Amino acid sequence: MESTLTEEQKEIDFQNKIDSGIVIEPKDWMPERYRKQLTRMMSQHAHSEVVGMLPEGNWITRAPSLDRKAILLAKIQDEAGHGLYIYSAAETLGTDRQEMLDQLHSGKAKYSSIFNYPTQNWADIGSIGWLVDGAAIINQTALAKCSYGPYSRAMIRICKEENFHNKQGYQILAYLMKGTKEQQEMAQDSINRWWWPSLMMFGPSDADSPNSDELLRWKVKLHSNDFLRQRFIDRTVPQAEAIGLTLPDDKLKWNPETRHYDWGEINWDEFYAVIKGNGPCNRERLKARVDAHENGAWVREAAQAYAQKHFN
Amino acid sequence: MSDENKNTQWDLWEVFTQKKTGAPHEHAGSVRAPDSEMALMNARDVYSRRNEAVSIWVVPANYIVASTPEDQGPFFDPSNDKVYRNPNFFKTPSGIKQIS
């Protein structure tokens with residue numbers, strides 16, 4: 001049925017739908033820009049999950065016990081699953097998965113800056129679960145209420161699984177903090193390196209975030225970057241104190257008037273350097289993804305050939 | 001043909017899972033797979049790592065026929081104006097067991 005509404009009227013109707021809390025589904029009319037922005041956000045989120053498997057994968061062969069190895073494997077498998085949920089959801093907007101992967105492999109698409117940092121010791125696996133997954137939980141819990149159905153449903157699924165990741169990481173650090181002096185120092189060193197990059201996960205400050213207004217209006221984003229970052233800090237500081245870790249920010253202080261923690265300043269030069277491709281591991285991460293794709297080509301070919309032979 | 005097979009992400013399948021016996025199958029998401037066997041295995045690996053399914057259906061996405069948002073008005077019209085399908089429509093003396 002041809003719609004006789006003007007583009008302008010369709011956009012007004014669309015905004016009204018969003019404002020009244022109606023969830024947008026794949027076959028609904030949507031502004032091209034909404035489709036484009038969401039495709040970008042979702043595909044980059046999916047890329048982040050899959051690239052995120054790499055820093056942790058680094059320690060599978062060196063996990064301190066068989067139990068911890070099995071647990072780490074399960075966590076990493078979850079991340080693969082999360083990536084797949086989000087690729088599936090992103091595809092409903094009309095972009096083929098191969099195109100999204102091509103953009104990742106060519107360096108055109110971004111993924112979360114945090115995964116460009118190296119895992120230097122076992123304690124880093126703890127920091128990742130506690131801080132990185134902790135930050136992800138805050139972000140994803142907010143996104144579970146976003147206006148696009150497939151994305152919000154994928155987030156709900158992910159949120160259920162993310163809590164194990166967070167707890168697993170925190171438990172690693174809590175255990176180390178009860179150990180030898182060396183183990184405590186390793187844990188402290190680890191969070192010294194992961195704290196600030198974790199705060200950067202929430203993105204630039206709102207004044208420097210050009211897409212924010214539009215995304216908030218369309219309920220693709222539910223809160224500002226600064227709001228979520230503050231929520232993460234408020235939640236995490238007591239957790240650090242409870243196990244004897246000192247967060248590497250001497251300006252961190254509870255403010256009884258605002259009822260939030262005051263804290264120092266992010267080094268934004270580092271953030272922009274990393275997202276431009278000059279973090280410690282950017283090239284290594286991209287190479288690992290491209291290699292995996294190319295070295296796996298024979299599997300895809302063989303499976304396709306088998307299917308054509310037996311199922312047609 | 002070989003190059004095509006290298007760069008394909010395989011066909012799209014929609015996945016429906018049944019949480020426990022007696023429950024309906026619900027749409028869980030999609031997977032990519034070259035054939036039905038792998039579609040089922042991929043669906044199990046992606047959508048039931050935590051015992052969320054006792055049964056899984058996979059359907060090639062292009063076999064699904066769906067109503068469209070434009071249909072919302074006329075297609076579903078007959079259900080909108082027959083309020084007497086709802087028992088609350090009927091006014092009867094209150095306080096009587098099993099029928100009020």
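Gln98(B) is exposed, with a relative accessible area of 82%; exposed means over 50%, buried under 20% and partly exposed in between, with a 1.4 Å probe and protein chains only. This residue lies in the segment after helix 3 (77-80) of chain B, where helices (H or I, at least four residues) and strands (E, at least two) are DSSP runs numbered from the N terminus.

The model is a predicted one, in which local features need pLDDT of at least 70 and side-chain atom pairs count only at pLDDT 80 or more, while totals for chains, interfaces and linings use all residues. Residues are numbered from 1 along each chain as its sequence is written, chains are lettered from A and ligands numbered from 1 in the order in which they are written, and side-chain values use heavy atoms, with hydrogens and water left out.

Chain B holds another residue with a positive phi. Trp10(B) is not a glycine, yet its phi is about 70 degrees. Trp10(B) belongs to the loop between helix 1 (2-6) and strand 1 (11-18) of chain B, and is buried at a relative accessible area of 14%.

Turning to chain A, the secondary structure consists of 13 helices and two strands. The radius of gyration of chain A is 21 Å, close to the 20 Å that the globule rule gives for 312 residues, so chain A is as compact as a globular protein of that length. This radius is taken over C-alpha atoms, and the rule is 2.2 Å times the number of residues to the power 0.38. The C-alpha trace of chain A spans about 70 × 60 × 35 Å along its principal axes. Of the 312 residues in chain A, 51% are buried. Contact means heavy atoms within 4.5 Å; among contacts in chain A between residues at least 6 apart in sequence, 77% join residues at least 24 apart.

Ser127(A) is one of the residues in helix 6 (residues 122-143) of chain A. Its relative accessibility is 0%, so Ser127(A) counts as buried. Apart from neighbours within four places in sequence, Ser127(A) is in contact with Val132(A), Leu173(A), Ser190(A), Ile191(A) and Trp194(A).

Aromatic rings come next. Over all chains, the whole structure contains 15 aromatic pairs. Rings of Phe, Tyr and Trp (its six-membered ring) pair if their centres lie within 6.5 Å; planes under 30 degrees apart count as stacked, over 60 as edge-to-face and the rest as tilted. Among the pairs is a tilted one between Trp196(A) and Trp263(A), 6.4 Å centre to centre with 45 degrees between the planes. This pair links distant parts of the chain, 67 residues apart: Trp196(A) is in helix 8 (residues 181-200) and Trp263(A) in the loop between strand 2 (260-262) and helix 11 (268-278) of chain A. Trp196(A) is buried at 16% relative accessible area, whereas Trp263(A) is partly exposed at 24%.

In chain B, Phe75(B) and Phe76(B) form an edge-to-face pair, 5.1 Å centre to centre and with 85 degrees between the planes. Phe75(B) is exposed, with a relative accessible area of 53%, and Phe76(B) is partly exposed, with 37%.

Back in chain A, one aromatic cluster is formed by Phe14(A), Trp29(A), Tyr34(A) and Trp218(A). The ring of Trp218(A) also has the charged end of Arg217(A) over it, 5.7 Å from the ring centre.

Conventions:
Lys NZ or Arg CZ within 6 Å of the ring centre and 35° of its normal.
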